[in-house]
Amino acid sequence: MSITENVKLHDIIEKIKKGLRVDTYTAEDILYKVLKGVQDNLNVEEIIRETRLPLVTIIDILKHLYDAQLINYPITDFERQFEEYLKIKGEIILPYRTKHKTKYEYDQWKCDITTVINRVKKIIRDNYLIGRRILFLGDDDFTSIYLALAVDNLAEIHVIDIDSELLDLINELNMRLGLNIKTHNLDLRDPIPEYLRNKFDIFFTDPPFTYNGIALYLLQGFLSLKNEKGTKGYLCISPPSLMDDIYRIQQLIYEKGFYIDEIIKSFNVYPGLREDIPCIVSDLYVLKRVKIVPITEKDFENIHVSAIYTQKRA
């Protein structure tokens with residue numbers, strides 16, 4: 001093995017140590033078993049059995065090995081098995097989604113299960129999640145539960161929502177599935193409390209489809225992130241419902257030190273709520289912080305909090 005390859009392996013070992021909070025010997029043993037599994041053409045279940053690690057951790061290690069050009073392995077095969085795993089686990093979640101009564105006054109509109117799983121896959125594909133803190137600003141889709149199942153408590157997940165009934169269901173699932181999601185019954189029209197500011201590595205939000213709603217949720221998301229370059233936000237946005245406001249939203253993103261790293265058209269699918277309300281789609285924006293710009297009270301002054309929901313659009 002070359003010196004360069006040894007250096008790359010050492011870097012991966014250090015990431016495993018930090019992420020899993022294990023010693024050097026254990027990290028080396030884990031990496032050896034994953035590499036051996038790849039060389040022996042083991043399937044994902046066999047590698048999990050050998051390492052006794054959850055699937056998301058195996059995928060993270062494979063991503064590091066692939067990025068370092070130490071393996072040439074079809075990670076998509078693992079992702080397909082990962083998707084099946086989530087669908088099976090998600091059968092427990094479905095009755096809770098059905099039980100939750102959609103509250104139109106909060107612009108709630110659940111996306112379909114395929115979208116939820118695609119969101120989880122996207123977040124995992126984009127980020128090294130072990131030890132990370134993730135905040136959901138609203139979650140009537142139960143995406144946080146699916147992500148928590150995927151990361152197996154190796155990341156810290158929080159959910160803010162105004163809907164106490166929704167949070168009760170998430171908490172019930174949390175207990176039943178042995179997860180560690182922390183919920184906060186808060187109204188995002190008010191500033192998020194100090195204990196949630198500058199604490200997170202990633203935020204995800206599917207806000208009301210109004211300029212005021214999106215701007216408010218974005219600013220709250222930006223406020224929640226650590227003051228570090230590289231922190232990320234995931235924003236669901238429906239251009240047809242916003243029209244001329246898209247430019248203003250993008251301008252706000254850039255002004256606050258973020259770069260639009262990716263836009264995935266029609267990523268989110270929302271089934272029709274009634275026969276007279278058709279299925280709609282929205283785009284997914286992946287935002288990456290490239291400059292530290294403080295979020296202040298003045299930033300919130302131009303947002304009409306009484307007009308964040310569609311039925312109260314100014």
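Which residues do ring pairs link into a cluster? They're Trp109, Phe209 and Tyr270. Before going on, a quick word on the model: it's predicted, so local features need pLDDT of at least 70 and side-chain atom pairs count only at pLDDT 80 or more, while totals for chains, interfaces and linings use all residues. Residues are numbered from 1 along each chain as its sequence is written, and side-chain values use heavy atoms, with hydrogens and water left out.

OK, the aromatic pairs. There are six in the structure. Rings of Phe, Tyr and Trp (its six-membered ring) pair if their centres lie within 6.5 Å; planes under 30 degrees apart are stacked, over 60 edge-to-face, and the rest tilted.

Take Phe204 and Tyr234: their ring centres are 6.3 Å apart and the planes sit at 20°, so this pair is stacked. Phe204 is in strand S4 (residues 202-205) and Tyr234 in strand S5 (residues 232-237), 30 residues apart. Strands here are DSSP E runs of at least two residues, helices H or I runs of at least four, numbered from the N terminus. Both Phe204 and Tyr234 are buried, meaning under 20% relative accessible area with a 1.4 Å probe, protein chains only.

Phe209 and Tyr270 pair edge-to-face, 6.2 Å centre to centre with 85° between planes. Phe209 lies in the loop between S4 and helix H10 (211-224) and Tyr270 in strand S6 (residues 258-270), so the pair ties together parts 61 residues apart in sequence. Phe209 and Tyr270 are both buried, too.

Last, charges over rings: that's NZ of Lys or CZ of Arg within 6 Å of the ring centre and within 35 degrees of the ring normal. Arg133 lies over the face of Phe200, 5.1 Å from the ring centre, and Arg248 has its charged end over the Tyr211 ring, 3.6 Å from the centre.

Methods. Buried < 20%, exposed > 50% of the residue type's maximum accessible area, 1.4 Å probe, protein only.
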